[in-house]
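Reader: I'm new to this structure and would like to learn how to read it. Could you take me through it feature by feature?

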Amino acid sequence: MTVRFFHTSDWHLGQFFYQHSRQYEHEQFLAWLLEQIQQKQPNALLIAGDIFDVINPASSAQKQLYQFLADAHDLAPHMQTLMIAGNHDSGYRIEQIEPLLEKYNAKTVGVIHKNSEGLIDLERLLVPIYDENKVIVAWCLTLPFLRPAEITGFNEQSTNSQNAIAYLHQQLIAEAKKRKTPEQALILMSHAHMQGGETSDSERPIIIGNEEALSTTLFDEVIDYVALGHLHKPQKVQDAHIRYSGSPIPLSFSEINYKHQVVEVTIDPTQTDASRFQFEAIAIPRSVQLHKIKGELTEVFNALRALPKGEIDNIDQREYIDIEYHTHIPPQPNLRQQFEDALPKDRYRLVRISRQYLATEKNEDVTTAISLEPPTPEKLFQQIWEKNGYSEDDLVLKDFLSLVQEAEKSLEDEQKF
């Protein structure tokens, strides 16, 4: 029996990019995805975490998700939508709406639960995928972002985070093997940082201190496909069937050249040759362009004036500009206005300016950024730490990030009530 599904992740609904809403861009992506669902009619849509950008998303971001689920169900009633929580999501929040999700043939796994015996509830993590005739064609092993407090302390195999993660994978895959028939595929969906994955500067760190990224050895050979979330660049991790789908839109200027995509996967477990697993990367159209302009001031001004012209009335549809200019001298006080004046009128949004002093005999290259984007807790802590004259210290940063995770977990716990 063949199973066909879409793999996507890291939507970050509700994101603000240097104080500018991404709602229009997300609307365009979701409308495009609905067209693909209507055309291809997959058995399932897998969303591998970071559905929202923050754990307490705005009502407009939540409305985008729920409206999408309703529209997708109308276009493909038999399609299941399976979602897991990422490190940006509140697992408790996205699980609270299960009665609503059921109406749209959707399910979410936000946190790791215990069963009546105090052990990990594996039943909740194993989700059957059906074909249009209600026959099980695959099992999806769903692993949301794994917070240490949820997975440690069950037994002697889960005394620390790394051991607990390995134990959880072993137990879940063993249970899946018991249920699987030869005609059914096994798909594992996880939100994690894998060894060898290429990162961008927009991903919130989830590896603390010296804790290593996860190894693909966690995935038994019986797993037909691993649908990963967290890293924004589409990529395989060692093997073609272990993949990050990447984010649907660029979430930082470092992602300008990413080939954003949704992965269409087809698995036929009855085959033993190359036809068993097939995938196609479906390119996502970019609705708003990003431009990074670098060089000495003369080069920057020439590049700005050479940009395409033509006014765009809706500010949310205007293209983003990031300028990095190189100079020997301090900036002129009205330089930003000069940049704005050089841009074609009403088409662009200048959201970031950085200055790099050119190397001289006395100094090395130094880059100073003027950013309108609020710093993350980690970046703010590092700035204050360095400003007070302290050198970089991995142990101190590890302790601080642990406190951040505890605070986020506390906020999630409050949402359970």
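Reader: Let's start with N105: where is the place of N105?

Author: N105 sits in the loop between α4 and β6 (106-109). Helices (H or I, at least four residues) and strands (E, at least two) are DSSP runs, numbered from the N terminus. Before we go on, this is a predicted model, where local features need pLDDT of at least 70, side-chain atom pairs count only at pLDDT 80 or more, and totals for chains, interfaces and linings use all residues. Residues are numbered from 1 along each chain as its sequence is written, and side-chain values use heavy atoms, with hydrogens and water left out.

Reader: What phi does N105 have?

Author: Here's the general idea: most residues other than glycine have a negative phi. N105 has a positive phi of about 60 degrees although it is not a glycine. K134 also isn't a glycine, and its phi is positive, at about 65 degrees. You'll find K134 in the loop between β7 (126-130) and β8 (136-143).

Reader: Is K134 buried or exposed?

Author: Buried means under 20% relative accessible area, exposed over 50%, and partly exposed in between (1.4 Å probe, protein chains only). K134, at 65% relative accessibility, counts as exposed, while N105, at 25%, counts as partly exposed. For the protein's 417 residues, 53% count as buried.

Reader: How many helices and strands does the protein have?

Author: There are eleven helices and 18 strands. To see how the chain comes together, look at contacts, meaning heavy atoms within 4.5 Å. Of the contacts with a separation of 6 or more, 71% are between residues 24 or more positions apart.

Reader: Which residues touch the most other members of the largest nonpolar core?

Author: A nonpolar core is a set of buried Ala, Val, Leu, Ile, Met, Phe, Trp, Tyr and Cys residues joined through side-chain atoms within 4.5 Å. The largest one here has 53 residues, and F5, L46, I129, L141, L168, Y225 and I267 touch the most other members.

Reader: How many salt bridges does a search of the whole structure find?

Author: Side chains of opposite charge can pair when their charged atoms come close. The cut-off is a side-chain nitrogen of Lys or Arg within 4 Å of a carboxyl oxygen of Asp or Glu, and the search finds 14 such bridges. In one of them, R4 meets E264 at 3.4 Å, N to O. That pair links distant parts of the chain, with R4 in strand β1 (residues 3-8) and E264 in strand β13 (residues 261-267), 260 residues apart. R4 is partly exposed, with a relative accessible area of 24%, whereas E264 counts as buried at 9%.

Reader: Where do E98 and R124 lie?

Author: First, the bridge itself: the closest N and O atoms of E98 and R124 are 2.4 Å apart. E98 belongs to helix α4 (residues 98-103) and R124 to helix α5 (residues 122-125), 26 residues apart. With a relative accessible area of 22%, E98 is partly exposed, and R124 is buried at 19%.

Reader: What about aromatic pairs: how are the rings of W11 and F29 placed?

Author: Rings of Phe, Tyr and Trp (its six-membered ring) pair if their centres lie within 6.5 Å; planes under 30 degrees apart count as stacked, over 60 as edge-to-face and the rest as tilted. The whole structure holds twelve aromatic pairs. The ring centres of W11 and F29 are 5.5 Å apart and their planes lie at 80 degrees, so this pair is edge-to-face. W11 is in the loop between β1 and β2 (16-17) and F29 in helix α1 (residues 23-40), so parts 18 residues apart in sequence are tied together.

Reader: And which residues form one aromatic cluster?

Author: F5, Y225, F277 and F279 do. Finally, find F17: R22 lies over the face of its ring, at 4.5 Å from the ring centre. For a charge to sit over a ring, NZ of Lys or CZ of Arg must be within 6 Å of the ring centre and within 35 degrees of the ring normal.
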